[in-house]
Amino acid sequence: MKKFWIIISFSIVTIFTFFIIFKIESGKSFSPFYFFPNGFIGNASQEYSEMIGSKISPPKIVEAIISFSATGVKNHDTNFFDRSNLLKTRQVELTEKSKWQILDDFKYFVLIAFLCMLASIWFYLQDRDIHIFFLFLSVSSFIFSSFVLMAFNDLYVPYYFSLFLIPCFILNLSFRLNGKEISAKWIVVEITFGFIYAFIGYSEKGDAQLFEDLSLFGVYSILSSSLFFVLVVLYNLLKNKSDFLNSIKKCSLILAILLISFVPYALMKFDFEVFS
């Protein structure tokens, strides 16, 4: 019966999520790529995929979109800095996109967020491990809010809140796997600071530099906590001989932490030509 209600709740959350997407007022896009408020391109249509990880000037794109709306001229020269920080120029064709087309461009974001949410529920049902549950739920929230932020310039609060909590839950999980209990009061403190962090980011959402500083702080916190987690779990595996299933579980968690931290960072930071 408990599983039934969890599935029902999950279905309601999913439906409500898509309802939010399609009720957002700024439901159209004219740019073939999608970027954060600081100009970092996090996603793009297939023909512009090599620009992912580059950085543009948002005001320039806004000017081009205004010009396109007024004159109908689609092609505009756009300056951007590539992953090697070299200034380049490319002609960009602006076209109007519907919400369905935008959703198609972000289908992998939505899919990964959905899988992370499923993983959080699965871990909770299997082990009743609230720390793994909150970790994957935060990752799911961060991926989804990143999609909405780039596509519709909305959901700043969930973006900052989940970005702050991910490294906290990774650290909590590392201590939990090492046999140490995490106080509920400490989790309340983490959530409180997460709300403060999100409030600062939301109240100054027009400040591109502050967005970049807060985002980099969150990203580097995730990388640091992930490195700490991997070292702690590996030390624990080598020091204490666990049974086979527990060892597999811990190794799978190490792989999961690497996949949600170092791999995305490396793909965005360095040019491995995977988006070309």
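This is a predicted model: local features need pLDDT of at least 70, side-chain atom pairs count only at pLDDT 80 or more; totals for chains, interfaces and linings use all residues.
The largest nonpolar core of this structure has 50 residues, and those with the most contacts inside it are Phe106, Leu135, Phe147, Tyr159, Tyr160 and Phe229. The elements that give two or more residues to this core are the helices α3 (99–105), α4 (107–127), α5 (130–152), α6 (156–177), α7 (184–203), α8 (208–239) and α9 (244–260). Apart from it lies another core, of 16 residues, among them Phe35, Ile41, Ile61 and Ala64.

**Within the largest core**
- Tyr160, which is among the residues with the most contacts inside the core, touches Tyr197, Ala198, Gly201, Tyr202, Phe211 and Leu214, when residues up to four places away in sequence are not counted.

**A serine in helix α8**
- Ser226 lies in helix α8, and this serine counts as buried because its relative accessibility is 0%, where the cut-off for buried is under 20%.
- Leaving aside residues up to four places away in sequence, Ser226 touches Ile170, Ile257, Ser261 and Phe262.

**The β4–β5 hairpin**
- Strand β4 (residues 75–81) and strand β5 (residues 87–93) run antiparallel and are joined by seven bridges.
- The bridge partner of Phe81 in β5 is Leu87.
- Five residues lie between the two strands of this hairpin, and Asn85, in the turn, has a positive phi of about 65°.
- In a regular strand, the side chains alternate between the two faces of the sheet.

Key:
Residues are numbered from 1 along each chain as its sequence is written. Side-chain values use heavy atoms; hydrogens and water are left out. Two strands pair if DSSP finds at least two bridges between them. Helices (H or I, at least four residues) and strands (E, at least two) are DSSP runs, numbered from the N terminus. A nonpolar core is a set of buried Ala, Val, Leu, Ile, Met, Phe, Trp, Tyr and Cys residues joined through side-chain atoms within 4.5 Å. Buried means under 20% relative accessible area, exposed over 50%, partly exposed in between (1.4 Å probe, protein chains only). Contact means heavy atoms within 4.5 Å.
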